[in-house]
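Subject: Structure handover

Hello,

The structure we talked about is below, with the sequence. My notes on it follow, and please read them with the model open.

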Amino acid sequence: MKITEVTTYRVPPRWMFVKIETDEGVAGWGEPVIEGKARTVETAVHELAVYIMGQDPSRINDLWQVMYRGGFYRGGAILMSAIAGIDQALWDIKGKVLGVPVYQLLGGLVRDRMKTYSWVGGDRPGDIIANINTMREAGIDTFKMNGTEELRIVDNARAVDAAVARIAGIREAFGTDIEFGIDFHGRVAAPMAKVLLRELEPFRPLFVEEPVLAEQAEYYPRLADSTSIPLAAGERMFSRFEFKHVFERGGIAIVQPDLSHAGGITECLRIAGMAEAYDIALAPHCPLGPVALAACLQIDFVSHNAVLQEQSMGIHYNKGAELLDYVTNPEDFRLEQGYIAPLPKPGLGVDMDEDRIIAASRHAPDWRNPLWRHPDGSVAEW
Ligand SMILES: [Mg+2]
């Protein structure tokens with residue numbers, strides 16, 4: 001079997017799919033994207049396609065190494081996302097050829113269903129209580145929300161009070177009937193992270209995500225020493241070679257590699273295994289589309305340390321398309337009490353609606369995150 005075609009489709013809301021075709025008629029799908037840099041990743045996918053065209057798609061381990069090591073320069077958001085999508089598609093092909101879901105090829109299930117959580121509240125956490133009430137009606141009881149809006153390196157008591165009041169209001173409204181993580185989203189610098197973690201501790205969130213930016217990871221162990229809240233991070237780390245430093249330094253309780261950013265299934269399986277050796281839980285990052293989610297689930301279902309799966313149904317970014325708009329087997333993604341069952345179909349378990357993808361790709365927006373500024377006019381982290 002040989003790879004004959006690599007085709008990319010950028011689609012609303014901010015996603016990209018890659019289809020890899022073979023001379024035997026089996027095709028696989030992947031989702032290589034960096035949100036806001038889809039065109040750059042698309043170019044990288046086509047540059048990497050030169051290495052895999054005409055090759056045997058079953059040799060995933062070798063093709064991964066060729067894509068990673070073959071070009072001398074490696075790593076980073078763009079290249080690792082391009083590899084990730086291609087890697088997902090290769091696993092999809094392998095599963096379809098052998099007639100089994102990918103998790104069977106990875107050793108089989110370690111659990112019967114996987115707990116998911118949902119976003120509430122959007123970029124500027126506003127009407128969260130009403131949002132939670134609506135989602136609870138759909139059986140969802142675990143959430144994530146932004147912790148703050150813009151926050152300066154050192155900010156005032158009013159900003160701290162606003163963040164604390166919001167979280168206090170949620171616990172007051174729902175008690176422990178729901179659980180939630182709080183995403184600092186890289187908006188919080190080390191001095192305020194220490195303050196906020198202390199102030200938020202009484203409300204016992206499941207975790208605080210990106211308490212500081214990944215490039216400030218040396219603060220993770222120090223912040224962890226200052227709080228009992230489990231700290232989570234990983235969406236802006238791209239290979240096991242990056243994760244190893246974080247694991248070695250300590251401080252992270254939950255690791256959140258993104259299956260579409262960190263080298264795909266091949267790499268994230270290894271990251272998950274490394275995390276298990278450090279007693280670190282796994283909660284793959286996934287505010288993306290259906291192939292990314294399907295890839296995450298393959299890892300969740302074979303990783304003992306997987307605790308939570310992010311998924312983007314109803315997320316504030318999904319303007320113009322929803323998670324399951326591009327699949328023809330949405331029933332396989334049904335949530336029951338917030339849990340999702342193993343996807344039963346061979347490969348990644350997602351049947352893509354190619355006609356719809358092609359039609360949607362004709363009006364793909366160039367999604368960009370907003371550029372925020374502080375009151376003094378300086379750039380704020382979003
Ligand atoms: Mg995040």
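Glutamate 310 lies in strand β11, residues 309-310. Leaving aside residues up to four places away in sequence, glutamate 310 touches Tyr117, Ala283, Pro284, His285, Cys286 and Pro287. Contact means that the C-beta atoms of two residues, placed from the backbone, lie within 7 Å. Glutamine 256 is 54 residues from glutamate 310 along the chain, and their C-alpha atoms are separated by 9.4 Å.

Two points on how to read all this. The model is predicted, so local features need pLDDT of at least 70 and side-chain atom pairs count only at pLDDT 80 or more, while totals for chains, interfaces and linings use all residues. Residues are numbered from 1 along each chain as its sequence is written.

Annotated histidines

Which residues does UniProt give as "active site"? The unreviewed entry places that feature at His185 and His285. UniProt positions are given in the numbering used here, feature names are shortened, and annotations may be inferred rather than shown by experiment. The two positions are spread over 101 residues of sequence but cluster in space, with a largest C-alpha distance of 12.3 Å.

Histidine 285 is in the loop between β10 (281-282) and α11 (290-300). Histidine 285 is buried, with 25 other C-beta atoms within 10 Å. Its contacts, not counting residues up to four places away in sequence, are Gly234, Glu235, Gln256, Pro257, Asp258 and Glu310.

Histidine 185 sits in the loop between β6 (179-183) and α7 (190-200). Histidine 185 is partly exposed, with 18 other C-beta atoms within 10 Å. With residues up to four places away again left out, histidine 185 touches Asn146 and Glu210.

Overall layout

The protein has 12 helices and 15 strands. Its radius of gyration is 20 Å, close to the 21 Å that the globule rule gives for 382 residues, so the protein is as compact as a globular protein of that length. (The radius is taken over C-alpha atoms, and the rule is 2.2 Å times the number of residues to the power 0.38.) Along the principal axes, the C-alpha atoms fill a box of roughly 65 × 45 × 40 Å. Buried residues make up 47% of the 382 residues. Of the contacts between residues at least 6 apart in sequence, 72% join residues at least 24 apart.

There are two parts to look at: domain 1 (3-100) and domain 2 (104-346), with bounds from an automatic or database domain assignment. Their centres, taken over C-alpha atoms, are 25 Å apart. The contact between them takes 32 residues from domain 1 and 24 residues from domain 2. On the side of domain 1, the elements that give two or more residues are β2, β3 (27-30), α2 and α3. α3 gives the most to that side, with 14 residues.

Helix α1

Helix α1 (residues 38-52) has 15 residues and reaches 21 Å from first C-alpha to last, close to the 21 Å expected at 1.5 Å a residue; the expected span is 1.5 Å times one less than the number of residues. Buried in α1 are Ala38, Val41, Ala44, Val45, Leu48 and Ile52. Seen down the axis, the buried residues of α1 fall within an arc of 115 degrees, so they line one face of the helix. (The arc is that of the directions from the helix axis to the C-beta atoms.) Their cover includes β1 (3-11), β2 (15-22), α2 (60-69) and α3 (76-98). Glycine 54, which follows α1, has a positive phi near 80 degrees.

Backbone points to check

Most residues other than glycine have a negative phi, and most peptide bonds are trans.

- Proline 12 and proline 13 are joined by a cis peptide bond, with omega about 5 degrees. Proline 13 is in the loop between β1 and β2.
- Arginine 204 has a positive phi, near 45 degrees. Arginine 204 is in the loop between α7 and β7 (208-209).
- Glutamine 337 has a positive phi of about 50 degrees. Glutamine 337 counts as exposed, with 10 C-beta neighbours inside 10 Å.

Regards

Definitions and conventions
Helices (H or I, at least four residues) and strands (E, at least two) are DSSP runs, numbered from the N terminus. A residue is buried if 20 or more other C-beta atoms lie within 10 Å of its own, exposed if 12 or fewer, and partly exposed in between; C-beta atoms are placed from the backbone.
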